[in-house]
Structures are given as C-alpha cells and as structure tokens.
Amino acid sequence: MLPKLIKYILQEKALSQDVTIRGWVRTKRDMKNLIFVEVYDGSCFAGIQCTFDRSANLDKQVEAALTMVNTGASVKINGKLVPSPASGQAVEVAANSIIIFGEAPGETTEDIQAYPLQKKRHTLEFLREIAHLRPRTNMFGAVSRLRSRLSFAIHCYFQENDFHYLHTPIITAGDCEGAGSMFQVTTLDPIKEIKKSAATCIDYTNDFFGKKTFLTVSGQLEAETYATAISRVYTFGPTFRAENSNTSRHLAEFWMIEPEIAFADLNDNMTLAEDFLKYVFNAALNECQDELKFFDTYVEKGIIDNLQNVANAKFTYITYTEAVKELEKAVVSSSDLFEFKPYWGCDLQSEHEKFLTEKVAKGPVIVTDYPKEIKAFYMKLNDDGKTVRAMDVLVPRLGEIIGGSQREDNLEKLINRMNEMGLNPEDYSWYLDLRRYGTVPHSGFGLGLERLIQYVSGMANIRDVIPFPRAVGQADF
Ligand code: 4AD
Ligand code: MG
C-alpha cells in the first residue's frame with residue numbers, strides 16, 4: 001500500500017487515530033512548550049500542522065532531531081489526529097516521533113548552501129532559474145496538477161468521441177508546416193565529414209537515416225494517413241520549433257494535440273474545436289477548483305467567472321476578410337492603435353488578435369478563410385482562388401491557441417500549391433497517395449497544450465506552465 005497523502009488525511013473524520021505524515025517541511029516554529037512543524041506533500045495546497053508538546057514527555061531524541069528540522073527538510077512524523085484549535089484547518093497531528101530523511105540548511109546558515117526556497121514570495125524569474133526546485137512552491141504545484149488534469153481531460157474528450165490515440169514519429173524527414181523552422185537530427189560530426197570528403201557540403205547519405213532528418217514540427221501529415229483509414233485520430237506529443245521568437249507564448253519544445261477527422265469540412269472542424277475547448281474548460285472548473293481559486297487570487301483576477309462565461313457562450317465566428325475590415329475601421333478612429341498597420345493579405349499580429357478578441361468579440365473568436373500566401377500548403381483552396389479553408393481560434397490575453405484547416409483533398413490542386421510554395425512534390429509522394437487512392441474531405445487542428453494552460457490559469461509566461469522550458473538560449477536542466 002502506498003502511503004496516505006496529506007489531502008486525504010486532512011479530510012479524515014475519525015479523530016484520535018494514529019497517522020503517519022510524509023512530506024517536506026514548509027515552516028517550523030518553536031514556542032515555549034510547543035514546536036509546530038507544517039508539512040506538505042504537494043497533493044493539495046494545504047500542509048498539515050504537526051505539534052510537538054515538550055510538556056507531554058517528549059522523547060529527548062525527538063527534541064534533538066527537531067533542532068535539525070528546517071524549511072525544505074523531508075520528514076516522516078507519527079502522531080494522533082486531533083481537532084485543531086487553529087483557524088483554517090479542521091485537524092492537526094499531536095506528534096510523538098519524527099524521522100528526518102534529508103536535512104535542508106536553514107536561512108540562518110552562513111553556508112551558501114542555504115535552501116533557496118525559504119518561506120517568502122519569490123519572483124517567477126528567480127523560480128525559473130531553479131526549475132528543479134520550483135515544483136515545491138504552491139504556484140508550481142498548482143500548475144503541475146492543472147497540467148496533468150487538463151491532459152487527462154483531453155484524452156477523455158477524444159476517447160469518449162471515438163477518436164483513436166495515434167503516436168506519430170518525433171524524428172521526421174519532412175517539414176509539415178513548410179516553414180523551415182526545424183531542428184536537425186544527425187549523428188554526423190559536420191567538421192569531420194567535410195574534412196573527410198574535402199567537400200563543401202555534407203553527404204547525408206552517410207548519416208544515420210541515410211538522409212537529412214529533423215525533430216517534428218507537427219504530426220499532422222502522419223495523422224492524415226490514419227484518419228483516412230480509421231476515420232478519427234488524435235495525437236498528443238512533443239513538438240519542436242526552431243523559431244527565433246523570444247516571446248511569452250513561444251517555446252522551442254511544446255506539447256501539441258492534433259485531432260484529424262475524415263469526412264469533415266471546416267464547419268465540422270470549428271464545431272469540434274469549440275465543443276472540445278468547452279469540455280476541457282469545464283473539466284478544469286469542476287476538477288481543479290482549488291487550483292483555479294489560487295490562480296484567481298494570485299495570478300489573474302476574475303479568471304473563474306471568465307472561464308465559466310466562455311464555457312457557456314457561443315464563440316464568435318468571423319472570416320479573415322471581415323476581421324481585417326474591423327481592424328482597418330479601428331485604425332480610422334485611432335491611427336496609432338497598432339504598431340503594424342493591418343491590410344488585406346497581412347499576417348495577423350498578436351496585437352491584432354488581441355484587439356479582435358478583447359474589443360470586437362469580447363471572448364474567443366474563430367477566424368477563417370485566410371489568404372493562401374500566409375498559410376501552409378496543405379489547406380484547401382476556396383473557390384475564390386485566393387483564400388484557404390483555414391481556421392485559427394483566438395482567445396483574449398493570448399491570441400492564437402488553435403490553428404487548423406480543412407485539407408486539400410484534390411491531387412492536382414495540392415501539387416499546384418506545393419509548386420507555388422517552392423516545395424518538391426516528390427518529397428511528399430506518400431502524402432499525395434492519400435489523394436490518389438480513395439481521397440476524402442478531411443479536417444483537423446492543432447492545440448498547443450501550454451497555451452491552453454496559460455489561458456486557463458492566467459499565467460502570463462509560457463515558460464511557467466511547462467516543467468523544463470526550452471526556448472532560444474535556454475536548455476538548462
Ligand atoms: O498553427 P500551428 O503551427 O498548426 C500546426 O502545426 C498544424 N499542423 C495543426 C493541425 O492542423 N493539425 O500550431 C498549432 C498550435 C498553435 O495554435 C499554438 O497553440 C501551438 O500549436 N504552437 C506553439 N505553442 C508554443 N510554442 C510555439 N512555438 C508554438 N507554435 C505553435
Ligand atoms: Mg498557426
């Protein structure tokens with residue numbers, strides 16, 4: 001049997017029973033006859049108060065051990081569960097023994113080794129530097145419990161709706177987004193290779209896979225192969241982008257969820273995205289109440305009301321062309337509203353996305369039918385020949401949280417798009433086979449897990465919602 005977690009001990013109704021507490025010390029206070037040790041184990045926010053009473057024949061060895069106990073030490077404490085006289089907790093432990101698994105040097109220690117997480121407020125910037133210890137704070141305990149719960153809700157949604165979980169490769173030879181921002185994977189030492197062959201370029205036929213390979217930017221193309229065979233699939237895995245964007249919403253390594261559905265057009269895709277997001281928001285509201293209350297108090301005021309409203313209201317749907325008109329209209333009344341002037345054909349900047357969600361829709365917006373030039377090659381061309389069946393789901397504070405589309409299912413048109421975008425159709429022959437043999441209309445989208453967690457928690461920086469962030473110039477731990 002695994003040890004009982006503090007969250008269950010705190011809910012115990014049967015008093016006077018013997019309990020064993022295992023966890024880390026949050027605080028110790030020594031007051032005349034009483035020594036209070038608060039212990040937490042991360043199963044919930046609250047720690048449990050363990051009280052040692054010197055006047056009740058406290059064992060000398062226990063008293064000696066208590067002098068070694070500081071914030072951060074790991075301990076096992078035995079005692080009886082008793083009603084707590086302190087406010088804010090129903091029970092506490094009348095403790096009689098303690099074992100220290102590992103000490104932690106205290107604040108008063110001259111030693112530079114003093115435990116970095118003393119009981120005070122730390123900045124998120126400082127905590128990023130100690131990403132191996134930050135899960136011990138309330139903030140990061142809450143983020144990790146929320147992250148885990150949201151991941152589970154995502155699986156539940158798709159499993160309940162007959163989607164099959166698909167594992168797509170992490171190492172690939174193709175560039176799904178055709179954007180060229182990929183990390184190369186090689187076992188060759190470039191300098192040795194060049195010296196060896198006295199060539200100016202490296203011969204990748206000598207490489208591990210016999211060709212140039214990369215970390216995947218998306219599992220979509222592979223997901224399409226399975227959607228056009230078993231109808232509904234979703235991927236959920238790590239994704240890599242070597243974009244040089246040092247922003248609060250970009251990571252070089254992030255987790256993406258990509259559903260792909262056969263016999264579905266863009267409208268079906270939009271309905272799915274909206275229904276899916278609302279399901280996940282409701283899961284957070286129902287299953288992470290304590291965490292959301294914490295975020296509402298310390299991170300983003302009003303986040304619970306806001307999530308509730310969003311989960312109950314219809315998303316706004318708007319075409320790219322209409323969106324640009326709204327932005328242009330806004331510029332007419334206030335010419336310096338945006339740093340980047342909006343015009344038909346421009347890629348929407350995050351300031352534009354912010355305006356559309358916060359000022360125009362006052363909530364999430366799904367923007368569709370973007371100009372083909374600013375979107376990927378695989379999106380279905382509209383009859384106007386200028387726009388594609390793309391959709392981006394934008395949310396207040398963050399902008400894009402989902403990107404997706406109906407896929408081009410016509411072989412000739414797809415090859416045309418590849419050529420127009422400077423891609424070699426031969427490199428994608430297997431992908432084109434899906435249009436050669438039994439092609440069907442199909443659609444899908446990608447949700448960035450970290451952007452979802454940012455939206456639900458209100459955390460401003462994406463580096464604070466993933467355990468070990470990888471971004472430009474940052475791959476510590
Ligand atoms: O819009 P993107 O690039 O779309 C795709 O990759 C498609 N293949 C998805 C599909 O249709 N199956 O990325 C999808 C989402 C974005 O909306 C965003 O939430 C997230 O992935 N994302 C990132 N998250 C963190 N850091 C980055 N650098 C991200 N790039 C994209
Ligand atoms: Mg996108």
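**Exercise 1. Determine which strand gives the most residues to the shell around ligand 1.**

Solution. Strand β15 gives the most, with 5 residues; strands here are DSSP runs of E of at least two residues, and helices are runs of H or I of at least four, numbered from the N terminus. At least two shell residues each come from β11 (253–262), β15 (399–406) and β16 (442–448).

The model is predicted: local features need pLDDT of at least 70 and side-chain atom pairs count only at pLDDT 80 or more, while totals for chains, interfaces and linings use all residues. Residues are numbered from 1 along each chain as its sequence is written, chains are lettered from A and ligands numbered from 1 in the order written, and side-chain values use heavy atoms, without hydrogens and water.

**Exercise 2. Identify the side chains whose polar atoms lie 2.7 Å from a nitrogen atom of ligand 1.**

Solution. Step one: Q220 has a polar side-chain atom 2.7 Å from a ligand nitrogen. Step two: in E258, a side-chain N or O atom is likewise 2.7 Å from a nitrogen atom of ligand 1.

**Exercise 3. State whether T27 is buried or exposed, and list its contacts.**

Solution. T27 belongs to strand β1 (residues 18–31). Its relative accessibility is 18%, so T27 counts as buried (under 20% relative accessible area; exposed is over 50%, partly exposed in between; 1.4 Å probe, protein chains only). Leaving out residues up to four places away in sequence, T27 touches F36, V37, E38, T71 and K119 (heavy atoms within 4.5 Å).

Technical notes. Polar contact = N/O pair within 3.5 Å; in protein donor to acceptor, adjacent residues only side chain to side chain.
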